[in-house]
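Here is a friendly walk through one protein chain, written for someone who likes to keep the model open while reading. Please have the viewer ready and follow along.

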Amino acid sequence: MNYRFYLLTLIACCCLFVSTSLQAQDRHVTYRESQEDFPNPERGFYIPISTSSARFVPLNAATLATYRTQTQRVSKATYSIYCSLVYRSYRLETFKDSALSEDFLEKVRADFAIARTAGIKLILRFAYTEKATNGDCPDQYKICPPYGDAPKAIVLKHISQLSPLLHENADVIAVFQMGFIGIWGENYFTDYFGDASTNGLGVIPDSSWQDRNDVLTALLQALPADRMVQVRTPQIKQRFVYGPKAPVTSAAMPVSAGFSGNPVARIGFHNDCFLASPDDYGTFYDVGNSSTKRGPATDVLRRYMAQDSRYTAVGGETCDDAFSPQNDCAPLGRAEQEMALMHYSYLNTSYNNDVNNDWQTNGCMDNIRRRLGYRFVLRKATFPASAKTGKPLDVTLALANVGYASPYNPRPLQLILRNTKTGAIHPISLTKDVRQLLPGSHQLRHSVKLPDNVAAGQYELLLQLPDGYSSLANNPAYSIRLANESLWEDQTGFNKLNHVLTVR
């Protein structure tokens, strides 16, 4: 008898048995995608609520609380939305030549508290005027100076005064728009920072670009490093990153810089004339500098924003239906294609509904409501049937982001163990930056140590993506819901994984 052959065969069979037994310990779970529209933090259609220093009207907690839980239809819209975002603009018309008053600052502070109570977040912008004076001047839109904004020294003083408030309340700030300069805070028609229209020099001189850069620097410093500032045009970012003389061919930030917390990674975009014309009414236009003339730059600036926006917050509004059918649904239009290309996370539901209502009529609004920002769908998962405390727990999640963008603010990704008898909860952090979950498919493999304080027993597994701030981490209104059927828990903000783990 060939004992060597017999021994090798026995070893092989034992190895096969052990391997098969170990594989049998794993459970593979498949999940069903949901087509439901529901609110998720920091994305979707926003509702604008403006106020002014002359006639301050505070936010209303009861009204805001209904935005997330009840569908809203506003401002001639033919469609309804859930809303987790409010655009809050403050007009500072009474402070153009003085410091902000303590009374005004307290009113802004109270707004933050109201937003927190209501479970929503704010898109912020400050400006000095929203009034355009029409007349006989060179500008093609016949908007004429003086425009009514404030000088640089006043702007920097106000930003300095706001900084403590912004740091204290960053948890309910989704994103901050640069504002301050020009009518509407759109950095175009301005008395003090280089008129971008043809009413003045016809270009923005280098000294004015530097003044704008100083304001943007102050805003980045006035906010925590985990919050972004949005600028009105891609060129504003280029001439901040590379200096006033930067050409429109300047490169977008590299992949390595994305979500790094560096200044270049903290500047996003708000396009307030989405698909309004070939260059979105000047959004993709070169307004020049001291050494170059103004002129068209649509293609090159669109390429820049498409690449740069993968790692930044992008939002805005439509403003004119003159660019129809390009701004319509496919196949005649490219509304959704543009949102995906430029990674839009939010849009205005109040303006301009000559455009937005067409999306409802033509059949793509449902998809837009679902896909603005991120939308995570859990496809499959693999879990062990049992595990020991202090030992590795291996988890594999197949996740798809079917939205137009990824989350732009940091937040944890946590595996939750919940005892089926006692309800005791043990969160385990998974080392994945959810902002890196860009549109597409992702395979998340994690091997985590099961904490020593987990008692033996049966544990449900759940997934949680809570807010990054401890003040909101336990509030389910600020947790991300997966787009799956029957996984979400309203009361906890957890997503069920449909698996029970035995801890030994």
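Helices (H or I, at least four residues) and strands (E, at least two) are DSSP runs, numbered from the N terminus. With that in hand, take residues 266-484: over this stretch the chain is 16% helix and 30% strand, and its end C-alpha atoms are 31 Å apart. An unreviewed UniProt entry annotates residues 266-484 as "domain: DUF4832"; UniProt positions are given in the numbering used here, feature names are shortened, and annotations may be inferred rather than shown by experiment.

A word on the source: this is a predicted model, in which local features need pLDDT of at least 70 and side-chain atom pairs count only at pLDDT 80 or more, while totals for chains, interfaces and linings use all residues. Residues are numbered from 1 along each chain as its sequence is written, and side-chain values use heavy atoms, with hydrogens and water left out.

**The whole chain**

The protein chain holds 10 helices and 19 strands. Its C-alpha atoms fill a box of roughly 105 × 50 × 45 Å along the principal axes. For 504 residues, a compact globule would have a radius of gyration near 23 Å, and the 26 Å of the protein chain agrees with that; the radius is taken over C-alpha atoms, and the globule rule is 2.2 Å times the number of residues to the power 0.38. Of the 504 residues, 57% count as buried, where buried means under 20% relative accessible area, exposed over 50%, and partly exposed in between (1.4 Å probe, protein chains only). Among contacts with a separation of 6 or more, 78% are between residues 24 or more positions apart; contact means heavy atoms within 4.5 Å.

Strand 4 (residues 121-127) has seven of its seven residues buried. Lys-121, Ile-123, Arg-125 and Ala-127 lie on one side, with Leu-122, Leu-124 and Phe-126 on the other. Two strands count as paired if DSSP finds at least two bridges between them. Strand 3 (residues 85-91) runs parallel to strand 4, joined by seven bridges, and Arg-91 has Ala-127 as its bridge partner. Right-handed here means that, with the strands pointing away from the viewer, the path from the first strand over the helix to the second runs clockwise.

Strand 4 also pairs with strand 5 (residues 173-177), again in the parallel sense, over three bridges; here Leu-122 stands opposite Ile-173.

**Strand 7 and its neighbours**

Strand 7 (residues 267-271) has five of its five residues buried. Ile-267, Phe-269 and Asn-271 point one way, and Gly-268 and His-270 the other. Strand 6 (residues 229-231) pairs with strand 7 in the parallel sense over three bridges, with Val-229 partnered by Ile-267. Strand 6, helix 6 (residues 234-241) and strand 7 form a right-handed β-α-β unit. Strand 10 (residues 314-316) is a further parallel partner of strand 7, over three bridges, and in it Gly-316 stands opposite Asn-271.

**A mixed sheet**

Another place to look is an open sheet of five strands in the order 13-19-18-15-16, with mixed pairing. Strand 13 (386-387) and strand 16 (425-429) are at the edges, each with a single partner strand, so one side of each has no neighbour in the sheet. Strand 15 (residues 414-419) and strand 16 run antiparallel and are joined by five bridges, among them the one between Leu-417 and His-426.

**Backbone details in the loops**

| Bond | Omega |
|---|---|
| Pro-145 to Pro-146 | near -5° |
| Ala-330 to Pro-331 | about 10° |

Pro-146 is in the loop between strand 4 and helix 4, and Pro-331 is in the loop between strand 10 and helix 8 (335-341).

Where does Leu-275 lie? Leu-275 is in the loop between strand 7 and strand 8 (285-286). This residue is not a glycine, yet its phi is positive, at about 50°, and Leu-275 is buried with a relative accessible area of 1%. His-343, in the loop between helix 8 and strand 11 (346-348), has a positive phi near 60° and is buried with a relative accessible area of 12%.
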